Amino acid sequence: MAQNTNFFHGMANFRRKVNYIWRIRINDTMVEDFDDINQGIIVYYKNMFMESIQSRPFPCNYGTKHLRSSESASLEEPFTEKEIRDCLANYDGSKAPSPDGFSFKFFKKCRGIVRHDILEAFREFHDSGSLPNCATHSFICLVPKKDATEEIKDLRPISLMGSVNKLICKVLSKRLGHVLSSVVSEFQQASVQGKQISEAGLLANELVDSRRTSRKPSLMLKLDIEKAFDNVNWSCLFKVLARLGFGER
């Protein structure tokens with residue numbers, strides 16, 4: 001626990017100054033007024049998450065990989081207390097608390113007190129397939145990616161979710177991790193257990209070195225997919241999941 005010292009307040013004030021948005025470039029114009037900055041950011045993300053295309057083509061055959069029926073059924077099984085407890089044990093409880101004031105450390109320490117409520121929340125979620133609005137509401141926090149922030153794209157949006165919503169997401173993601181290898185290519189580096197996305201950078205370095213050493217004519221292509229996955233069309237996503245063998249739930 002942080003002590004109430006001058007050093008603590010100095011660091012807190014320093015972080016506040018670093019994260020504060022003093023000015024931002026909007027439509028090639030540097031804006032410094034607080035209200036104009038707020039409105040510009042709101043319009044920017046509204047346009048990003050707004051889709052004008054009503055109908056889009058979809059491939060008839062989506063690869064050869066798909067879930068087995070047993071794997072698909074395992075994703076929809078009722079939640080068990082052991083599954084929730086193991087999920088809590090694997091995650092650090094000292095991270096910043098959720099907007100509701102609770103962290104994973106609270107659930108670890110007070111498991112005996114909140115056990116029944118947590119199990120009931122998971123049971124209702126499994127039966128209904130949805131969460132109430134009070135649980136899914138979140139706060140969007142913009143964190144600077146670099147020291148000199150000039151444009152909105154230099155800010156990283158982070159969603160601050162409620163503790164119950166976050167806990168359910170953790171359990172679901174852990175379930176999903178057990179079956180991802182059945183639908184993800186063996187060349188995929190990210191989101192696969194036992195692999196790290198940093199391996200892609202190492203592989204690229206080895207490839208460049210091998211081409212330089214061989215002195216053979218070569219062509220390397222680097223694709224910029226900035227913000228490619230910042231927004232996803234829901235109907236397209238559901239179609240892809242269905243083709244991969246995921247169940248309706």
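Me: On what basis are the values computed?
Reply: This is a predicted model, in which local features need pLDDT of at least 70 and side-chain atom pairs count only at pLDDT 80 or more, while totals for chains, interfaces and linings use all residues. Residues are numbered from 1 along each chain as its sequence is written, and side-chain values use heavy atoms, with hydrogens and water left out.

Me: How many salt bridges does a search of the whole structure find?
Reply: A salt bridge is defined as a side-chain nitrogen of Lys or Arg within 4 Å of a carboxyl oxygen of Asp or Glu. Searching the whole structure on that basis gives a total of 8.

Me: Which helices does the pair Arg 175 and Glu 83 link?
Reply: The side chains of Arg 175 and Glu 83 form a salt bridge at 2.5 Å, N to O. The two residues lie 92 residues apart, so to speak of distant parts of the chain. Both are buried. Helices are DSSP runs of H or I with at least four residues, numbered from the N terminus; Arg 175 belongs to residues 163–177 and Glu 83 to residues 81–89, which are helix H8 and helix H4.

Me: What distance separates the closest N and O atoms of Arg 23 and Glu 32?
Reply: Arg 23 is partly exposed at 45% relative accessibility, and Glu 32 is exposed at 55%. The two residues form a salt bridge, and their closest N and O atoms are separated by 4.0 Å.

Me: What kind of aromatic pair do Phe 106 and Phe 107 form?
Reply: Rings of Phe, Tyr and Trp (its six-membered ring) pair if their centres lie within 6.5 Å, with planes under 30 degrees apart counted as stacked, over 60 as edge-to-face and the rest as tilted. The structure holds 7 such pairs; among them, Phe 102 and Phe 106 have centres 4.5 Å apart and planes at 40 degrees, so that pair is tilted. For Phe 106 and Phe 107, the centres are 5.4 Å apart and the planes stand at 75 degrees, so the pair is edge-to-face.

Me: What span does H9 reach from its first C-alpha to its last?
Reply: The expected span of a helix is 1.5 Å times one less than its number of residues. H9 has 17 residues, with 24 Å expected, and its actual reach is close to that, at 25 Å.

Me: Where is Leu 221 found?
Reply: Just after H9, Arg 215 takes a positive phi of about 60 degrees. Leu 221 is exposed, at 73% relative accessibility. Its C-alpha lies 27 Å from that of Leu 237, which is 16 residues away in sequence. Leu 221 is located in the loop between helix H9 (198–214) and helix H10 (234–243).

Conventions:
Buried < 20%, exposed > 50% of the residue type's maximum accessible area, 1.4 Å probe, protein only.
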